[in-house]
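Please keep the sequence and the model in view while reading.

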Amino acid sequence: MMKSRSDTAITWAALFMLSAMVRATHASIPFSLPAVANAKRASFAQPHSRFRSPLSLTTGVTFPLSRINIPRGGAASVYSDDEDESSDEDFDEDFDDDEDMFGLDDADFDADDDDFAEDNTLDRMLDAWQKTPPFTKTYLSASIAATMIGYLFNGNQFPSILLLEWKPTLTQLQLWRPFTAFLNFGPMGLGFIMTGQFVWTYMSTLERLNHDRPYDFWVMIVFGCASMLAGYSFLQLPPRFLGHNLSTFLVYVWSRYHEGLEVNLFELFNTRAEMLPWFFLAQTFLLEGEFPVLDLLGIVFGHIYHHCKTTNILRTPRFIIDWYNNSDGRFSTQLRKQYKAISSDFELQ
C-alpha cells in the first residue's frame with residue numbers, strides 16, 4: 001500500500017490536537033443550567049420556546065506549534081512492508097512523546113470528567129437556590145428548619161408549639177401559631193420532599209410572574225392562608241398539613257394563569273395545566289388512602305381568588321404599594337433590589 005509518511009504524521013498530529021482541545025473545552029465550559037430552568041419556569045406561557053444560556057468557551061491550553069514539523073510538498077515515496085512497520089513504530093514513539101509533552105493521560109481525563117459532573121450538579125443546585133425569589137426562599141427555609149427540629153427532637157412530628165390551636169393562640173397570646181402552621185408539609189419523608197418541590201416550583205413561578213408588582217403576590221398568599229384558616233375553622237375541620245393544602249391552592253392559581261399549556265409529569269406523560277390540581281388531588285388520595293377534603297378546599301379557595309382577582313374585586317391596599325415603592329428603609333430597599341435582579345431575567349438581551 002502506497003502512503004506518504006508525512007501525510008500520516010500530519011493526520012495523527014491533527015487528530016491529537018483536536019482531541020486535546022475538545023477535552024479541554026469540555027472541562028472548562030461553565031454550564032448555567034439553573035438559569036435555563038429558571039427561564040423556563042419564568043416563561044411557562046411559551047411552552048414550545050427553548051432557552052439557551054451563553055457558554056464561555058475557553059480551552060486554557062496552548063499548543064507549541066514549533067514542535068510540530070509540517071514538511072511542504074506532497075511527494076509520495078515507495079517503501080517496503082518492513083519500512084512501513086518500522087515507521088509506524090517510530091511514529092508511535094513520537095506520539096507517546098507528544099502525550100508526555102502535553103502532560104495528559106487517560107487517568108487525568110477520567111478525573112476531569114468526574115470532577116466536571118460533580119461540580120456541575122452541585123453548582124446547578126446552589127445556583128437554582130440562590131436565584132429563588134425572596135419570599136419562596138424564606139418560606140421553604142423556615143419549613144425545612146421546623147421539620148428538621150421535629151425530626152430530630154420530636155419523633156419526626158412537626159413541633160406542637162407551631163401547630164394551629166386557637167385556644168392557646170387567644171388565651172396565651174401565642175400569635176405565631178396561625179402563621180407557623182403553614183410551614184407544616186408533613187413528616188420528613190417522600191411526601192415532604194414532593195410537597196416541597198411543588199411549592200418551590202409553583203410558588204417561585206408565581207412570585208417571578210409578579211416580579212414588577214410583588215405586593216400582588218403577597219396579597220395572594222395572605223388571601224389563601226386567611227381563607228383556609230377561616231374555612232377550616234368554620235367547617236370544624238382539623239388542619240393537619242396546612243403547608244400541603246397551600247401548595248394545592250398555589251397549583252390551582254398557577255394552572256388558571258397557564259390554561260392550555262402542556263406540562264410533563266415526572267417524565268412519564270403530558271397533561272394540560274388545568275388538569276394539574278386534580279392530578280395532585282388524586283395523588284394525595286392514593287398516598288394517604290382517604291379523600292383529601294382539605295386539598296379540595298384549597299382548590300375551591302384558589303378558584304375564589306382567581307375570580308376576585310380577574311374581576312378586580314381583590315386589590316392590593318394602597319399603603320402596601322406606597323411602602324414598597326417609596327420607603328427608604330433598609331428592609332424595603334433590600335427587597336426592591338432582589339426583585340430588580342429577578343426583573344432583569346425578563347429583559348431582552
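The model is predicted: local features need pLDDT of at least 70 and side-chain atom pairs count only at pLDDT 80 or more, while totals for chains, interfaces and linings use all residues. Residues are numbered from 1 along each chain as its sequence is written, and side-chain values use heavy atoms, with hydrogens and water left out.

**Overall make-up**

- The protein contains 14 helices and two strands; helices (H or I, at least four residues) and strands (E, at least two) are DSSP runs, numbered from the N terminus.
- Of the 349 residues in the protein, 36% are buried; buried means under 20% relative accessible area, exposed over 50%, and partly exposed in between (1.4 Å probe, protein chains only).
- The accessible surface of the protein is about 21600 Å², and 59% of this belongs to carbon and sulfur atoms; accessible areas come from the Shrake-Rupley method with a 1.4 Å probe, and for residues only the protein chains shown count as cover.
- Among contacts between residues at least 6 apart in sequence, 68% join residues at least 24 apart; a contact means heavy atoms within 4.5 Å.

**Cavities**

- Two cavities of 30 Å³ or more are found in a search of the whole structure.
- On a 1 Å grid over the protein atoms alone, a cavity is a set of points where a 1.4 Å probe fits but cannot get out, and lining residues have an atom within 4 Å of a point.
- Grid points are joined across faces, edges and corners, and a volume is the space filled by probe spheres set on the points.
- The largest cavity holds about 50 Å³ of space, and its lining consists of Phe198, His244, Ser247, Thr248, Val251, Phe280, Gln283 and Thr284.
- Helices α10 (242-257) and α11 (276-288) each supply at least two residues of that lining, and α10 gives the most, with four residues.
- The lining of the largest cavity has three nonpolar, five polar and no charged residues; Ala, Val, Leu, Ile, Met, Phe, Trp, Tyr, Cys and Pro count as nonpolar, Asp, Glu, Lys and Arg as charged, and the others, Gly among them, as polar.
- The second largest cavity holds about 40 Å³ of space and is lined by Leu206, Asn210, Asp216, Phe217, Met220, Tyr257 and Tyr305.
- Helix α9 (residues 214-234) gives the most to the lining of the second largest cavity, with three residues, and this lining divides into five nonpolar, one polar and one charged residue.

- Helix α9 is mostly covered, with 15 of its 21 residues buried.
- Helix α12 (residues 293-310) has 18 residues and reaches 26 Å from its first C-alpha to its last, close to the expected 26 Å.
- The buried residues of α12 include Leu294, Phe301 and Tyr305, and its buried residues pack against α9, α10 and α11.
- Just after α12, asparagine 312 has a positive phi of about 65 degrees.
- Helix α5 (residues 134-153) has 20 residues and reaches 28 Å from first to last C-alpha, close to the expected 28 Å.
- Among the buried residues of α5 are Pro134, Tyr139, Leu140 and Gly150, and α5 is followed by glycine 155, whose phi is positive, near 65 degrees.

**Selected single residues**

- Arginine 177 lies in helix α7 (residues 177-180) and counts as buried because its relative accessibility is 6%.
- The C-alpha atoms of arginine 177 and leucine 163 are separated by 5.8 Å, although the two residues are 14 apart along the chain.
- Leaving aside residues up to four places away in sequence, arginine 177 touches several residues, including Leu163, Glu165 and Pro168.
- Most residues other than glycine have a negative phi.
- Leucine 173, which is not a glycine, has a positive phi of about 55 degrees; leucine 173 lies in the loop between α6 (166-171) and α7 and is exposed, with a relative accessible area of 59%.
- Glutamine 236, also not a glycine, has a positive phi of about 55 degrees; glutamine 236 lies in the loop between α9 and α10 and counts as exposed at 71% relative accessibility.

Note on methods:
1 Å grid on protein atoms, 1.4 Å probe; cavity = no way out; pocket = protein on both sides within 12 Å on 5 of 7 lines; lining within 4 Å. Expected span 1.5 Å × (residues − 1).
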